[in-house]
Structure formats: structure tokens, C-alpha cells
Amino acid sequence: MKRIFALLTGMTLVCALAACGGTQALSGPEQLQTSQGTSDPESAGPSSLVPVSIVPAMSEDAAADEGHRVLVAYFSATGNTEGVAQNLQAVLDADLFEIVPEVPYTGEDLDYSNDSCRANQEQNDPTARPTISGTLENPENYDVVFLGYPIWWGRAPKIVYTFLERYDFGEAAIVPFCTSGSSGIDGSLDDLQALTASARWLEGHRFNSGASQDEVAQWVNSLDLGL
């Protein structure tokens, strides 16, 4: 009887020690890493991943419907018109497109005192259409186009004619602006308007060189475009 009791007691001790050993085995670092997931995202199980909310991408058409699309297109030979155009782009948060001549204008090309300089020859030639470098994508998508240029002998440079003949803006509103020391913008508009079939032309504005962003913003606000 004592021998049987001793045997049962021994078996109980063995089982208890085995249970304690199993508990200690689960406390090791490797086993904890396995049960809780590793830091490697590729080897981690689904339960260790953080849920991510997925936002469907907006289509181009839907993005266009969010508001008016505005373009500031400009030609600038000396940088004066470019400064106004950049201020406009900042005020309007618009797309910006520079009308770049395929053959750049040099200082000699812009020597207006020389009748044979390139600028004067182009202005005196009704058929002159300087070639533009680069391409404007999807011009038909714009609702409002601000068109800027310097005044050369009372008119827009002929490269602006090239631009309007090359791109069809449909029924967009075109808002002209120019830079000039003295000449106004009105004398340049008739020829340009004749190059667009359906566009609505709004009143233009002349800026002096170095026009500030505040000056540009005041003009934009006066237009009441609803942008």
C-alpha cells in the first residue's frame, strides 16, 4: 500500500514538473515572436496587419467637374510678361504654359530701331507665324484662358497668332493681358479675336513691367469670373 502511494505521488510530481516546463517554454523570445507576429510585413500573418482605408481614384472628368479649369498662357521675350503670368498663376492656382519660340529671339532680333530686325519683319508680315516649341495638352478642357504678351508696335507678337491658330479653346472665356511701357492693349485685340471662332473675349488689361502680385490680384477680383 505504501509502495502504491509512493508511486502515485511520484507520478503527480512528474506531471506538475512537465506542466511548469511547458509554461516556461512559451515564455521564450522566439515563441513570443511567433505567437504575436514578426516585424517583417511580408512574413506577418493577416492578424498583424493594420487596416488601410482605400479611397477610389477620381477620374479626370470628375476632377474637372470640381471647379473651373484655368490656364495662364503667355509669351515673354524679355521677362516682363513672364513676371505677370507667374503672379497670375499664383493668385488663380492655374496651369501655366509658356509660348516658347522654336527659334529663340536674340537681342538683335528685338532691336526695334532696326527696320530689318526679326521682330519688325514679323510684325510687318501678315503671314508671319513663328513656330512654337512644345505642346499644350487638352486645350478644350479649360474654361478660362488668361493670354499674356508684350506689345510690339501696338499689336501682339505674331507668335501669339500661331498659338491661337494652333489650339481650339472652344467656348472658353479668354482674358488678355499685356505688358507695355505706354501702348494700351486695345489695338492688339481685333486681330486676335478674329482667330477664335467661339471663344468669349473679356476686357483686357495692360501692366507695367514689375507689376506686383497684389496689383494682379486686384485686377483678377475685378473681373468677377466666379472662380
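Where is the place of N138 in the chain? N138 sits in the loop between strand 4 (132-133) and strand 5. The model is predicted. Its secondary structure comes to eight helices and eight strands.

**Chain overall**

- The chain has 227 residues, and buried residues make up 34% of them.
- Take the contacts with a separation of 6 or more: residues 24 or more positions apart account for 76% of these.
- The accessible surface comes to about 14,200 Å². Carbon and sulfur atoms hold 51% of that surface.

**Nonpolar cores**

- The largest nonpolar core has 33 residues. L147, Y149 and F163 have the most contacts inside this core.
- Five elements each supply at least two residues of this core: strand 1 (70-74), strand 5 (144-150), helix 6 (158-166), strand 6 (173-179) and helix 7 (189-193).
- Helix 6 gives the largest share of this core, five residues.
- Another core, of 18 residues, lies apart from the largest one. Among its residues are A94, F177, V216 and W219.
- F163 touches A73, F97, I99, I132, L136, L147 and F169, with residues up to four places away in sequence not counted.

**Strand 5**

- Seven of the seven residues of strand 5 are buried, so this strand is largely enclosed by the rest of the structure.
- In a regular strand the side chains alternate between the two faces of the sheet.
- V144, F146, G148 and P150 point one way from strand 5. V145, L147 and Y149 point the other way. Both sets are buried.
- Strand 1 pairs with strand 5 in the parallel sense, over five bridges. Y74 stands opposite G148 of strand 5.
- Strand 6 also runs parallel to strand 5, and seven bridges join the two. T179 in strand 6 is the bridge partner of P150.

**Helix 4**

- Helix 4 (residues 80-92) has 13 residues. It reaches 19 Å from its first C-alpha to its last, close to the 18 Å expected at 1.5 Å a residue.
- Its buried residues are T81, V84, A85, N87, L88 and L92.
- Seen down the axis of helix 4, these buried residues fall within an arc of 160 degrees, so they line one face of the helix.
- An α-helix has 3.6 residues a turn, so residues three or four places apart point the same way.
- The buried residues of helix 4 pack against strand 1, strand 2 (95-98), strand 5, strand 6, strand 8 (205-207) and helix 8 (213-223).
- D93 follows helix 4, and its phi is positive, near 55 degrees.

**Helix 6 and T162**

- Seven of the nine residues of helix 6 are buried, so this helix is largely enclosed by the rest of the structure.
- The buried residues are K158, I159, V160, Y161, T162, F163 and L164.
- T162 lies in helix 6. At 12% relative accessibility, T162 counts as buried, because the cut-off for buried is under 20%.
- Neighbours within four places in sequence aside, T162 is in contact with R129, P130 and I132.
- T162 and T131 are 31 residues apart along the chain, yet 7.1 Å separates their C-alpha atoms.

**Loop residues with positive phi**

- N138 has a phi near 50 degrees, a positive value in a residue other than glycine. N138 is partly exposed, with a relative accessible area of 39%.
- W153 lies in the loop between strand 5 and helix 6. Its phi is likewise positive, near 50 degrees, in a residue other than glycine.
- At 57% relative accessibility, W153 counts as exposed, because the cut-off for exposed is over 50%.

**E122**

- E122 lies in helix 5 (residues 118-123). At 11% relative accessibility, E122 counts as buried.
- E122 touches Y105, A128, P130, W152 and K158, with residues up to four places away in sequence not counted.
- K158, one of these contacts, is among the buried residues of helix 6.

Key:
Residues are numbered from 1 along each chain as its sequence is written. This is a predicted model: local features need pLDDT of at least 70, side-chain atom pairs count only at pLDDT 80 or more; totals for chains, interfaces and linings use all residues. Side-chain values use heavy atoms; hydrogens and water are left out. A nonpolar core is a set of buried Ala, Val, Leu, Ile, Met, Phe, Trp, Tyr and Cys residues joined through side-chain atoms within 4.5 Å. Buried means under 20% relative accessible area, exposed over 50%, partly exposed in between (1.4 Å probe, protein chains only). Helices (H or I, at least four residues) and strands (E, at least two) are DSSP runs, numbered from the N terminus. Contact means heavy atoms within 4.5 Å. The expected span of a helix is 1.5 Å times one less than its number of residues. The arc is that of the directions from the helix axis to the C-beta atoms. Accessible areas come from the Shrake-Rupley method with a 1.4 Å probe; for residues, only the protein chains shown count as cover. Two strands pair if DSSP finds at least two bridges between them.
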